[in-house]
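Please go through them with the coordinates open beside you.

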Amino acid sequence: MSSFRHTLIGRLTRDPLAVMAIVIIAALVVMAVFADLIAPYDYTAMHMTDRFAAPSAEFWLGTDNLGRDTFSRLLQGGRIALTVGLTAVIISGLIGLVLGMIAGFGPRWLDNALLFFFDTLRAYPTIILALALAALMPRGLTTVIVVVVITSFAEYGRVVRTQTLSLKHSEFILAERAMGASFGRIVFHHILPNVLGPFFILAAMNLPVVITIEAGMSFLGVGVPPGTPSWGSTLKDGFDHIRQTPWLILAGGLPLILVTLGFTFLGEALRDQLDPKLRSGR
Amino acid sequence: MPKTEMHRAFPVLNRRQLLAGAAGVSAAAMLPVKAWAQEGRLNIRVYTEPDDFDPVDASGFGEALLYGAIYRNLIQYESGDDWSYRLDLAESIEQTSDTTIEFTLKEGQMWSDGYGEITAEDVAFTFERILDPEMNSRILPDVGTLSRVEVTGRYSGVFHFDEAFAPFWWIALPYLAGTIVCKAAIEDAGGRITTEVPPTVSGPYRVRELRPGERWVLERNEDYTGDIPAEYERLDIVYIGDEAAAEIALEAGDLDFTEVSPGSVARLQSNPPAGTAMSMHPSLFYVWVGMNMEHPKFQDIRVRQALQYAINVNAIIEAAWYGVAEPSTGIIAPGLIGNRPESLIPPQGDPQRARALLEEAGVENLEVTLNVLNDVTFTTAAQVMQATMAQAGIQLNIEVHESGSFWTLGVEADGDRWRDLEMIMNRFSMLPDPSYATAWFVTEQIGDWNWERFSNEEFDRLHREAGTETDDARRDEMYRRAQDIMEESGAYRFITHGVTPNLFYDNTVPGTRPDGLPLAQYFRRA
């Protein structure tokens, strides 16, 4: 039992912020995965006589402009958000990890070139870059993922590069080199494990950002096609019909708030636990 | 930073001054929203941005609204509930034979900025530019069989036609093609107006500033010599594509007049925002779903017909137009010559018939893409279509476009996108003559406005002959047959003419055409 208390999970369960984050995230994941079982209605079914219905026992979160059940659509929206979020974070994270380590380990000119590339991408306002890219590509979930990957991998690259550079010149790495350790051993046994901590913290913090970008693109009409129940589309429907009902925009905003809170709390809790300086300060 | 410098950079307020300032700001915030907006300034919303000062390049209602304010015609549409026109630059104008119209200009009508008097030379120059093949004018169809304009005196002239062309009175003279331009100014500009603001104007307003994507700022034209002077010191034509955003802008006091979405009608009628009024007008617009006949998916007429039957127009109108509009029978609205009493395919469609047609054509799992404007009415309609077409086993994908992208989808001059274009939900503006509807679907318009790439010899002949026919009963028959041909081709599913609900502040008397579209020059204070 005492060994569990000292594991990462064990430490997280003692942090109220982390527990709240885990509960929120778990609830969202369960609802997204089992959306078909939980949803009281087919998310595409139109009930034209019940348009803009307020929340009730029949429609828990009300209905939209076509009489579709908002709760059922939000559950499906959770699937889209998690699919886009996880896929984009994994792909952009991997690209950033590889490029960041190349920059950190590579020759000076390559580091400078990659750094210039990362900074150029990061200099563009994310949503403007996303809109420009979306205008050039066919509309759909794949495009949204590609856009999010392009707009976010530079951040991972920058963080990994900085970590790699600082580790590369640390004494224990120099000692390993002096003892004749191979390049692969240095990278996979020493650098990578030390880079992963900040990397995961960034990934956790970045997931809600990615989900918000998807929602923002759908809200602006360049994300998923109309009819697809993404949270951003629900927000857009809510905006379009805000004079008819306030419930749609509230319902569309609520999961975005929760997912942002959940992953931000998780990221902070991970940072507190994984950063030795912060841990020793506690 | 020394204290003296700090004083210069940040004025120091004492407690009393701070409280007085706060009170002032609070009082200003409590002023009625319209307190500043109505002081000699009018903001009219336009749903499509005008993109050219030069009438020869005009393409739609955005320009018509702008030109009405800054230019003049021989005759102008009257504001009101009945279609009529009034003399503007013309002192007299009459049809002297089937192929001639004679006009005499009022004397002393001036161009601004020292360009002198408006003469018959300007009138002739205006129409000859449109006729000039090198100008490649998109409004050439509006002038029909016009062959030349003869100048018979400083203020008089004669329009000569190859054949009679009755629509000229309704679709050319008072609209885009009839917007008289200044010959001297155009020649100074090298043949086309490409300047930031027009070098000269003749209407009650002039252009002060253009903010692309946002607004056209007009101000009173002090050189105006007509009989409808500017009512406002400043008139802004504000571009807001989205109706919901426009409603919010009006309620915030940023607009004085806007068309609102059909979905808002019930709410606005039962609970109008303070100080506003609403008017409803029968629209002449026509909305339809078209299919690109040259696309491989739509080569077989049975596939096109299946799609026609798979679309439930009643459901679309109920959902997207909130039941305030009626299904249309074609492109010509009720009340106009050529309106059909009913369409060939019933508005409710027939999913079983659609399935049978697809089976007959040997097509399984048909997947098609519908292109629509990013507008809540159209995207809602598209989603209803998606649901009803699924009942016929057809998967409908929806592509939404911003205005700039949408209006070039089928235009050959703007790239190759027309090749991949499958289905389009489209809406065209309309004038009170049926030839203005059929003009865009003739063979010559393929790749310009005819995005279905529909080509039919009989249709082309009917359009041509109906334009020169002077017997109304005969014209009626010809235009009805023309719409039958369109529908029989399978490339068109007619949806509705819609309605035009306008919302405005009651200290404004809007000037509108009978179909509800604004005529900026007629707006007055209540």
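1. In this predicted model, the contact between the two chains draws on 20 residues from chain A and 23 residues from chain B. The area buried between chain A and chain B comes to about 1700 Å², with carbon and sulfur atoms contributing 52% of that value.

2. As for specific interactions, the rule finds one salt bridge across the interface of chain A and chain B, namely that of A:Arg243 with B:Glu251, whose closest N and O atoms are 2.5 Å apart. Seven residue pairs, both members at pLDDT 80 or more, are in polar contact across the interface of chain A and chain B. Sorted by class, the side of chain A that touches chain B consists of nine nonpolar, five polar and six charged residues.

3. Turning to chain B, four strands form an open sheet in the order S4-S5-S7-S6, with antiparallel pairing. Strand S4 (90-97) and strand S6 (146-151) of chain B stand at the edges and have a single partner strand each, so one side of each is left without a neighbour in the sheet. On average, and with direction ignored, neighbouring strands of this sheet are turned by 20 degrees against each other.

4. Within that sheet, S4(B) and strand S5 (residues 100-105) of chain B run antiparallel and are joined by six bridges; B:Ala90, for instance, has B:Leu105 in S5(B) as its bridge partner. Helix H5 (residues 120-131) of chain B packs on the sheet, where H5 touches S5, S6 and strand S7 (156-161) of chain B, and the direction of H5 makes about 160 degrees with that of S6(B).

Notes:
Residues numbered from 1 in each chain as written. Chains lettered and ligands numbered in written order. Predicted model: local features only at pLDDT ≥ 70, side-chain atom pairs only at ≥ 80, totals over all residues. Heavy atoms only, no water. Contact = heavy atoms within 4.5 Å. Buried area = accessible area lost by both parts, 1.4 Å probe. Salt bridge = Lys/Arg side-chain N within 4 Å of Asp/Glu carboxyl O. Polar contact = N/O pair within 3.5 Å; in protein donor to acceptor, adjacent residues only side chain to side chain. Nonpolar A, V, L, I, M, F, W, Y, C, P; charged D, E, K, R; others polar. Pairing = 2+ DSSP bridges. Helix = DSSP H or I, 4+ residues; strand = E, 2+ residues; numbered from the N terminus. Axes fitted to C-alpha atoms, helices over the stretch in contact; angles between N-to-C directions.
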